[in-house]
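Here is a short report on how two protein chains meet and how parts of each are built. Please keep the sequence and the 3D view open while reading.

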Amino acid sequence: MVYSSLLLKKYHGGHVVIRFALAGHKQANRPFYRIVAAYNKRARDGKYIEQLGSYDPLPNIYNEKLVSFNFDRIKYWIGCGAHPTKPVAKLLGLSGFFPLHPMTITEAERRGAQMETETETEESPKEGQKQADVES
Amino acid sequence: MWAGVNKLQGRNSLNLIMLTLSDVEISNTGRRQDNKAEATQAEPGSTSMTVSFAATDHAKPQFTDSAVQDILTRITGLDLQKVYRPIKQELKPPTYKLMTDEQLEQAVELAKERAKKLLQMPPVLQERKPISDVLCEDKILDGMDTAKYAFTDITYNIPHRERFIVVREPNGILRKATWEERDRLIQVYFPKEGRKLTAPLLFKEENLKLVFSQDRHEDVLDLCLVQFEPDSSEYIKVHTATYEDLDKHGKYDLLRSTRHFGGMAWYLVSVRRVDGLIVDMLKRELLQDAVSLVSLFHMVHPHSESAREAASQQATGTDLLKIYAQRDSQRSGYIELALQAYEQTAVEGSAS
């Protein structure tokens, strides 16, 4: 069972999480997430306790993905016993507030391995073509 | 929590965005204003941003010194008609009040106080140094993503200068954001009225030339003040361009009795090209202003010939102007002519 601290024993019975909630659902194909402290059992986009930030997954004209965190309030909620979810923990790790999430490192390694196999498969048909050109 | 972050050093001394004259007076008690050879010590609680030049034994008087501010406010003047000229605002039917003479005088006094507040000079600061702090290098994350992540701290009650804004590059480096990124992101999350995310195209050089030909320097400076931070390079560039253009065409009267006159005077004094301004003042018969301007010049450049001679002779008034005209100015002929004309009118006035 998830540990819920004594400070959050109100009526709900569930625990508080810090997670993404999708905002602006009236626009198709344009995601925008709010980083939110909400009860566990609530709907993803439903009523939350407090908004702690935002995350825009699509990069802007300067090739930046804008993330905002209200660190003061995040510290408060973590102190009250809220649990961050995996993507929130990854973002906090990337920002430097938390240590780097192990899945971030694993994904980076996996992507690196994939890039290597791609370059190998690119090189071998290219080498085959070059040999064919030389012979002909 | 912040892996390897050093608190930005000396940030407390950079916390001034808008100077008020009261702040100036508080911070300048004990700061010497004349040019005797004394080394100044930097007060730990001081709010001044500029660093004293250590080239000579005595530091230059800064823009924030109360003596300098006094002179600049006196030169700026207080033309109520120009300060309260009609501007574009919400249209309302006019209100009429029936007042006695005393009430009218009181209303005028109140208007003068408000006008003095409106004519507060924006700060003149040195250009800010670029930030290049790397917090963390994670080579493992290289090639993780194609885009950068820009993290902003949204805590409400920290000053914008102390906010943590951090960028994680695709090659895994976690660095502090540059000044331009900082300004842009702070405008995104804490929008300031009148400021745009991308600078208006007005501030490009070709457009500036057009606007200057239409005599709208004041609007340009107001827009610049709203859009840029006072120590950003664009702010300083736009201001220098405006002041140069004003100096070239001699259109000093456009800025007189606005908040930008002090900044212009300070810039001209620092670059030592006060002649045009003195000539303009003499044309409009503002002798006291010309005298105070020359005394400001001597305060800022104590090693110039005219300053040394004036100090040796203890000259005041028109004698100061004569010394300055003989020694340091390029348009000495005009200044001397104007002085003679002024003396003649003074003699005629006293004779008749």
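How many helices and strands are there in chain B? Chain B has 14 helices and four strands. Helices are DSSP runs of H or I with at least four residues, strands are E runs of at least two, and both are numbered from the N terminus.

This is a predicted model, in which local features need pLDDT of at least 70 and side-chain atom pairs count only at pLDDT 80 or more, while totals for chains, interfaces and linings use all residues. Residues are numbered from 1 along each chain as its sequence is written, chains are lettered from A and ligands numbered from 1 in the order in which they are written, and side-chain values use heavy atoms, with hydrogens and water left out.

**Chain B overall**

Of the 352 residues of chain B, 42% count as buried. Buried means under 20% relative accessible area, exposed means over 50%, and partly exposed lies in between (1.4 Å probe, protein chains only). Take the contacts in chain B with a separation of 6 or more: 64% of them come from residues 24 or more positions apart. Contact means heavy atoms within 4.5 Å.

**The interface**

On the chain B side, 27 residues are in contact with 28 residues of chain A. The two chains bury about 2,600 Å² between them, 61% of it on carbon and sulfur atoms. Buried area is the accessible area (1.4 Å probe) that two parts lose on being put together, summed over both.

The rule finds two salt bridges across the interface. A salt bridge is a side-chain nitrogen of Lys or Arg within 4 Å of a carboxyl oxygen of Asp or Glu. B:Asp145 forms a salt bridge with A:Lys65, with the closest N and O atoms 3.0 Å apart.

Which elements give two or more residues to the side of chain B that touches chain A? They are β2 (148–153), β3 (165–168) and α5 (179–189) of chain B. β2(B) gives the most, with six residues. By type, that side of chain B divides into 15 nonpolar, five polar and seven charged residues. Here Ala, Val, Leu, Ile, Met, Phe, Trp, Tyr, Cys and Pro count as nonpolar, Asp, Glu, Lys and Arg as charged, and the others, Gly among them, as polar.

**Strand pairs**

Two strands pair if DSSP finds at least two bridges between them.

| Strands | Sense | Bridges | One bridge pair |
|---|---|---|---|
| β4(A) (residues 64–69) and β2(B) | parallel | six | A:Leu66 and B:Ala150 |
| β1(B) (residues 134–137) and β4(B) (residues 173–176) | antiparallel | three | B:Glu137 and B:Ile173 |
| β3(B) and β4(B) | antiparallel | three | B:Arg168 and B:Leu174 |

The hairpin of β3(B) and β4(B) has four residues between the strands. There, B:Gly172 takes a positive phi near 90°.

Helix α2(A) (residues 86–95) is mostly covered, with eight of its 10 residues buried. Among them are A:Val88, A:Lys90 and A:Leu92. A:Gly96 follows α2(A) and has a positive phi, near 105°.

A:Ala43 lies in the loop between β2 (33–39) and β3 (50–55) of chain A. Is A:Ala43 buried or exposed? A:Ala43 is exposed, with a relative accessible area of 52%. A:Ala43 and A:Ala21 are 22 residues apart in sequence, and their C-alpha atoms are 9.0 Å apart.
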